[in-house]
Amino acid sequence: MFGPSLFIQPHYDDVPLSCGGTLALLAESGHEPRMVTVFAGELVGEFAAWKHQRWKVTDAEQVLAVRRKEDAEAARTLGSSVRWLGLPDAIYRGERYRSDPELFGALKAEELELAAHLAEEVRELPEWRDDMQVFVPLGVGSHVDHQLVFEAGRHLASAGVRVHAYEDCPYAIHTPAGVEARLAILGEAVGDPVVVPIAQTLQKRLDSIACYQSQVPVIFRFTSDFRTTVTKFALETGGDAGPAERFWPVHPHGG
Ligand SMILES: [Zn+2]
């Protein structure tokens, strides 16, 4: 699990939330892990033009600036840099996803092309190294943006890259059955899980999550104390190993 690593998150916050402890461990071990945020948030793309007509432009820009500042602070807390690719979120990709059932339903066929494109783009990044391993979301909760990044991970695996899928939090925390449901759908696409003890860096993971000040009340609306909730989940994941994060090796297509 240790070596040069690229952590891909669909949205601002997915990596610190889900596997910040492992990222921090890699940083502390001198492996200089890097983070990439794929989607830009709700304030760019076609939707922005519409919003700019209705709202003050400066407000929209301020919100985006806050989201990025929080993301950068979280990355720094974990010992990483972060790059924003700025792809449009699902709800702004044409007319593909217009309702919650669609947003959390099956990935549309035309999106598979976007996943292949994303996999190519990742290998063109200045951060890219041929000996890098890549982390992508497992897709627990089935958000189409998360599924899309998982599919990009499969493309990378098919190209010979070592790819691990992290369990999407907070979905995996508040709906543990979602992990099993996603694994049932993925079948042979993933292998046996690897557990990484994070006692050394759990505090950094919690501190990095706290950086998303504008989002924490929304993300953790099911609990009043996210630090206790995340710690409990890490302890349950690790069992005898202490607090831990769990990863699923991503297999190549047809492999
Ligand atoms: Zn997300």
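Pro 170 sits in the loop that runs between strand S5 (162-166) and helix H7 (171-174), where helices (H or I, at least four residues) and strands (E, at least two) are DSSP runs numbered from the N terminus. The peptide bond leading from Cys 169 to Pro 170 is cis, with omega near 15 degrees.

This is a predicted model, in which local features need pLDDT of at least 70 and side-chain atom pairs count only at pLDDT 80 or more, while totals for chains, interfaces and linings use all residues. Residues are numbered from 1 along each chain as its sequence is written.

The protein has eleven helices and seven strands. Buried residues make up 44% of its 255 residues; a residue is buried if 20 or more other C-beta atoms lie within 10 Å of its own, exposed if 12 or fewer, and partly exposed in between, with C-beta atoms placed from the backbone. Of the contacts between residues at least 6 apart in sequence, 79% join residues at least 24 apart, a contact being a pair whose C-beta atoms, placed from the backbone, lie within 7 Å.

Two helix pairs can be set side by side, with axes taken as lines fitted to C-alpha atoms over the stretch in contact and angles running from 0 to 180 degrees between N-to-C directions.

| Helix pair | Axes come within | Crossing angle |
|---|---|---|
| H1 (residues 14-28) and H9 | 8 Å | roughly 140 degrees |
| H5 (residues 109-122) and H6 (residues 144-158) | 8 Å | roughly 55 degrees |

H1 passes H9 in a right-handed crossing, a crossing being right-handed if the near helix is turned clockwise from the far one by less than a right angle, and left-handed if anticlockwise. On the H1 side the contact is made by Pro 16, Leu 17, Gly 20, Gly 21 and Ala 24, and on the H9 side by Leu 202, Lys 204, Arg 205, Ser 208 and Ile 209. These residues divide into five nonpolar, three polar and two charged, where Ala, Val, Leu, Ile, Met, Phe, Trp, Tyr, Cys and Pro count as nonpolar, Asp, Glu, Lys and Arg as charged, and the others, Gly among them, as polar.

Within H9 (residues 202-210), Leu 202, Lys 204, Arg 205, Ser 208 and Ile 209 are buried. Seen down the axis of H9, these buried residues fall within an arc of 160 degrees, so they line one face of the helix; the arc is that of the directions from the helix axis to the C-beta atoms.

H5 and H6 are likewise oblique to each other, and their crossing is right-handed. H5 contributes Glu 111, Leu 112, Leu 114, Ala 115, Ala 116, Leu 118, Ala 119 and Val 122 to the contact, while H6 contributes Val 144, Leu 148, Glu 151, Ala 152, His 155 and Leu 156. By class, the contact of H5 with H6 holds eleven nonpolar residues, one polar and two charged.

Glu 32 belongs to the loop between H1 and strand S2 (34-39), and counts as partly exposed because it has 14 C-beta neighbours inside 10 Å. Ser 142 lies in the loop between strand S4 (133-137) and H6, and is partly exposed with 18 such neighbours inside 10 Å.

Glu 180, in helix H8 (residues 177-186), counts as exposed, since 11 C-beta neighbours lie inside 10 Å. The C-alpha atoms of Glu 180 and Val 140 are separated by 8.6 Å, although these residues are 40 apart along the chain.

Key:
Two residues are in contact if their C-beta atoms, placed from the backbone, lie within 7 Å. Angles under 35 degrees count as roughly parallel, over 145 as roughly antiparallel, 65 to 115 as roughly perpendicular and the rest as oblique.
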